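Here is a friendly walk through one protein model, written for someone who thinks in side chains and contacts. Please have the sequence and the structure at hand as you read.

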Amino acid sequence: MDYAIHISQRQEPMPVSQDRQQTNAETAKPPIPEDELDRLEALEHYRLGGIGRELAFDRITQLAASLFDVPMSLVSIVGSDTQCFRGACGIDQTHTSRDIAFCAFAILQRDVMVVPDAMQDARFRGNPLVRGEPHIRFYAGAPLRVANGQPIGTLCIIDYKPRLFSEQDKSLLAQLARTVIDLIELRVEGFAAEEHRRKLDEERQLLKLTVENVSGGVAVVDQDLRLMLWNQAFVDLFDYAPDSVDDGVDACNLIRLTAQRGELGPGDPDQIVAGFVQSIRTNHSRRLEIQRRDGRILDIRRESIRGGRFIMTARDVTQERQISRIKDELVSTVSHELRTPLTAIFGALGLMAGGAAGELPERAKQLVAIGSKNAERLIHLVNDLLDMDKLQSGKLAFHFEDHDLGALLAEAVEQIEPYAQRFSVQVDFDPAAAPVIAKVDGNRVCQVMANLLSNACKFSPAGGHVRVSLERAGQVARICVADDGPGISAEFQTRLFKRFEQEDGAHQLGHNGTGLGLAISKAIVEAHGGTIALDPAAERGATFLVELPLSPID
């Protein structure tokens, strides 16, 4: 049989370096590809370095051996010094040296490399695998090229006797090689997925450990309202039975348990649950307080997180609320007790300043004026404290009547003018084109305006302007109070309407106050069904927007 014809038809190898040379006419070492470093990096990426067979590749070699009726088939991975058999049929060895590997030549080819008779091939007739065990005569190897085109090894078949290999045979072997490549790609994807799962498990364990060490109750619920993660404090705060809280439990069942105790307010538990579910689906966040049957008060917060999930936290604020109530009662009591003597002191000082006790020396007049000014300041503080106390308890009386808001604002601007002159500030009023009628308590609206205008005046620079405007905006009246001051820092804006809060630093400009004016104004406006807010679009100073519902037109 003439094998020389088949040998001459062997395709030319890929470009190689001269790192390894043919040592003699009988034994040849495979050349090293010029992009060997890239090829070895591909091996590392696909985790194919090292020795070890895998069942999926074994099965491919068994199929190849059966299809081509050969005693041996290999999925050979060519490393830097060794070829390792990831799959094998008909051989027990796990690897050989690269220097004697047929596959080290095959990876240089673009197509299937065929050696019909190794004894007739100058590259292999001196090879120890040909001269000795397993006495290779026939070899056909299809290069395994991964996604970036690098050849990492071969799917090869081997026989102990010479044989021919048709173009159809080469095509079939190449197809099987592509199946091996698919397995390799799936294999590395599987490694990546497993690594991802491992990291997720680690993160979950870390999160669970973190949650367990949080003092408050924490629970994470998925997009299907199934419980994913929780800590023992969550179970204890709601007094759930241990068997009612488990991985994957429907959060609606837990809400229903709380509703059935009456801790979520009166009403049918199923309707309460439906309302909570609706809120979860439509609102990004929510905060509420509930009082447990044992008297404990829980502050509950819910925040949506990525993927349709949400996290709920619960905190026992019973002691905080008790302390706050005691403080409020103390402030209320002290304020009531101070109001009468302060009024008397202020009145007496006023009489003295008016000459009721006779003509005072100049120094005494100065001292009386100082005392009178501080007594007036204390009376304002006491009045603010009492107003805040009444607003919180719902005891502050409101007398709602239809008023022309333009007239009320004009009155408020007129009353503030002497105060504005002390700071060399001008107050400008831009009324609406037509009367704006709203059902309000006129005195309380003027109180809100007095708070806003006094703040605007004292924080404006000398020569500055405070601008007041009124307009209709749909079904509400919009009042705007803007100043030329330094504005309000972003950090303080979150605390702007809280009691006893005052901004420090440059924005304060040395102006002291009670920290109650804006809190009182907010409570009054909300009692009217309106809103008050800082305008975030203001380019300079601070601009407050007050919106009040208009009276219906008959």
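## Overview

Of the 554 residues of the protein, 43% count as buried, where buried means under 20% relative accessible area, exposed means over 50%, and partly exposed lies in between (1.4 Å probe, protein chains only). This is a predicted model, in which local features need pLDDT of at least 70 and side-chain atom pairs count only at pLDDT 80 or more, while totals for chains, interfaces and linings use all residues. Residues are numbered from 1 along each chain as its sequence is written, and side-chain values use heavy atoms, with hydrogens and water left out.

The protein has 15 helices and 18 strands; these are DSSP runs numbered from the N terminus, with helices (H or I) of at least four residues and strands (E) of at least two. Among contacts between residues at least 6 apart in sequence, 59% join residues at least 24 apart, a contact being heavy atoms within 4.5 Å.

## Salt bridges

How many salt bridges does a search of the whole structure find? The search finds 27, each defined as a side-chain nitrogen of Lys or Arg within 4 Å of a carboxyl oxygen of Asp or Glu. Three of these pairs are set out here.

| Pair | N to O distance |
|---|---|
| Glutamate 54 and arginine 86 | 3.3 Å |
| Lysine 170 and glutamate 167 | 3.6 Å |
| Arginine 292 and glutamate 263 | 2.8 Å |

Let us start with the salt bridge between glutamate 54 and arginine 86. The pair links distant parts of the chain, 32 residues apart: glutamate 54 is in the loop between helix H2 (36-45) and helix H3 (55-68), and arginine 86 is in strand S2 (residues 82-89). Glutamate 54 is partly exposed at 22% relative accessible area, whereas arginine 86 is buried at 8%.

Lysine 170 and glutamate 167 both belong to helix H6 (residues 167-212), where they sit 3 residues apart, about one turn of the helix. Lysine 170 is buried, with a relative accessible area of 14%, while glutamate 167 counts as exposed at 59% relative accessibility.

The side chains of arginine 292 and glutamate 263 meet in a salt bridge. Arginine 292 lies in the loop between strand S9 (285-291) and strand S10 (297-304), and glutamate 263 in the loop between helix H8 (251-260) and helix H9 (269-282), so the pair ties together parts that are 29 residues apart in sequence. Both arginine 292 and glutamate 263 are buried.

There is also a network of salt bridges, which links Arg287, Glu289, Asp299, Arg301, Arg315, Glu320 and Arg321.

## Two buried arginines

What does the side chain of arginine 145 reach? This residue is in strand S5 (residues 138-145). Arginine 145 is buried yet has no salt bridge, and the nearest side chain of opposite charge, aspartate 35, is 7.0 Å away; here Lys and Arg count as positive and Asp and Glu as negative, while His and the chain ends are not counted. Its side chain reaches the backbone oxygen of glutamine 109 at 2.7 Å and the backbone oxygen of glycine 149 at 3.1 Å.

Arginine 123 lies in the loop between strand S4 (113-115) and H5, and counts as buried at 12% relative accessibility. A polar contact of 2.8 Å joins the side chains of arginine 123 and aspartate 121. A polar contact is a pair of N or O atoms within 3.5 Å; within protein, one must be able to donate a hydrogen and the other to accept it, and residues adjacent in sequence count only if both atoms are side-chain atoms.

## Backbone details

Most residues other than glycine have a negative phi, and most peptide bonds are trans. Now for some exceptions.

Glutamate 133 and proline 134 are joined by a cis peptide bond, with omega about 5°. Proline 134 is in the loop between helix H5 (128-131) and S5.

Leucine 225 has a positive phi, near 60°. It lies in the loop between strand S7 (217-221) and strand S8 (227-230), and leucine 225 is buried, with a relative accessible area of 6%.

Serine 424 also has a positive phi, near 55°. Serine 424 is found in the loop between helix H12 (405-422) and strand S13 (426-430), and at 47% relative accessibility it counts as partly exposed.
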